[in-house]
Amino acid sequence: MMEAVKVLDAKGMACPMPVVKTKKAIEEIESGEILEVHATDKGAKSDLTAWTNSGGHELVDQTEENDVLKFWIKKS
Amino acid sequence: MTKSITTDELAKRVVNREETLILDVRNTDEFDDWKIEGDSVEIINEPYFNLLDGVDAIADNVNKDQEIIVVCAKGGSSKMVRDLLEEEGFTHAYDLEGGMKAWSEHLEPVKIADLNDGGSLYQFVRLGKGCLSYMVVSDKKAAVVDANRMTGIYERFAEEKGVSIEHTIDTHLHADHISGGRQLAENTGGTYHLPDKDAEEVTFDYASLEEGTDITVGNTTIQVQPIYSPGHTIGSTSLMIDNKYLLTGDILFVKSIGRPDLAGKAEDWVGDLRETLYSRYKELSDDLIVLPAHYSFVDELGNDGSVKARLGDLYQRNSGLQVEDAQDFRKMVTENLPPQPNEHDNIRQTNMGKMNPEAEKQREMEIGPNRCAVHG
């Protein structure tokens, strides 16, 4: 797995904040770099996936452990 | 001025067929799966995350002085989008409190009829999910049929009417929604009735709902006569009230018929379903008013917001009742079925008492349409 340059902790946040914060965080990294996002809101799963696609970014990987959802998003 | 509307207000508008423009900001997969519907409802979908950099996509299509109700999954994103719209000059932007989750739980009571001996029959329309449940009220007593999980709604309604709920009845073991029947009976000290054949694996005590065993509501002669009508489940039982109202459960709907496959037994039960629809019900009076446990399409709602039809009329125009050939019928109800309801197996396990999910998990399990019907 490629190393994330930044980790966003969105645990405990409710919709829409995980996506809003992810959008801000991705603006702060360079194209090709990876952002790691941690969230607990179940809706984040489908919303972050859909947002990633609509923004042209790439969802490199995602996991779910102990109710924590983790996403690795590569900036386009 | 309040900038939110409640599910109660929205339900009244849908039932009264008031022109309503809805902006659904959930992602498109969820929107395509399940959304607010109504004859007078216009709905557009634009996921909230596409509106973070600007609401041009909406402003291009909607006048800024037009009323628009923003809806999301739980009520958080819709408030944000409503604020964004306001900042862009929309003067009549509202959000739906609680989102689709709250919409899924709203029940709209509609009076169906006054019964003989002074009682009344009410239908509770669950607009967000297409579930129909019933309350028979007579002489300070009540029975609730096919109760939904939101038991407080029936309890408050009974309190308003000054009646106590003595019986709760499920026409069958439900697979699309979590039954409130057992809980409601517990809360009110009533008796929970379920057909034996659907209750073989249940973990709790119940009273058998059996053909020929009437249930009396109040001191008057309103009786509920169970009629064994298998097909959707092996134990499915219809109820007759006042010799005029036929509660068909998930066997016969207004525009469709029940599907036999939700317990994984389509092949076994298709014969029962045909027998019930093409023989047993046919022997009943054409003038019976059919009151089903579901509807699929919003145009099934009548002018008063209720869902009902004359049995004789259904034999003329319900496409599920027009299939002469038994093989064609078998094919129709076992092939090309719509997707099964979300979590239907876990919902059945919960209704049997084998699973006891927390309240929040139960809400999530029920999200989505009911999909209990086969449309011929």
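## Ground rules

Residues count from 1 along each chain as its sequence is written, and chains are lettered from A, with ligands numbered from 1, in the order in which they are written. As the model is predicted, local features need pLDDT of at least 70 and side-chain atom pairs count only at pLDDT 80 or more, while totals for chains, interfaces and linings use all residues.

## The annotated domain

The unreviewed UniProt entry places "domain: Rhodanese" at residues 16-112 of chain B; such annotations may be inferred rather than shown by experiment. That stretch is 30% helix and 24% strand, with its end C-alpha atoms 16 Å apart. Helices (H or I, at least four residues) and strands (E, at least two) are DSSP runs.

## Two helices meeting

Helix H6 (residues 151-161) and helix H7 (residues 181-188) of chain B have axes that come within 9 Å and cross at roughly 45°.

On the H6(B) side, B:Thr151, B:Tyr154 and B:Glu155 meet B:Gln183, B:Leu184, B:Asn187 and B:Thr188 of H7(B), contact being C-beta atoms within 7 Å. These residues divide into 2 nonpolar, 4 polar and 1 charged.

## A loop residue

Where does B:Asp196 sit? Its place is the loop between strand S11 (191-194) and strand S12 (207-208) of chain B. B:Asp196 counts as partly exposed because it has 15 C-beta neighbours inside 10 Å (20 or more would be buried, 12 or fewer exposed).

Beyond neighbours within four places in sequence, B:Asp196 is in contact with B:Ser208, B:Glu210 and B:Gly235.

Methods
Axes are lines fitted to C-alpha atoms, for helices over the stretch in contact, and angles run from 0 to 180 degrees between N-to-C directions. Two residues are in contact if their C-beta atoms, placed from the backbone, lie within 7 Å. Ala, Val, Leu, Ile, Met, Phe, Trp, Tyr, Cys and Pro count as nonpolar, Asp, Glu, Lys and Arg as charged, and the others, Gly among them, as polar.
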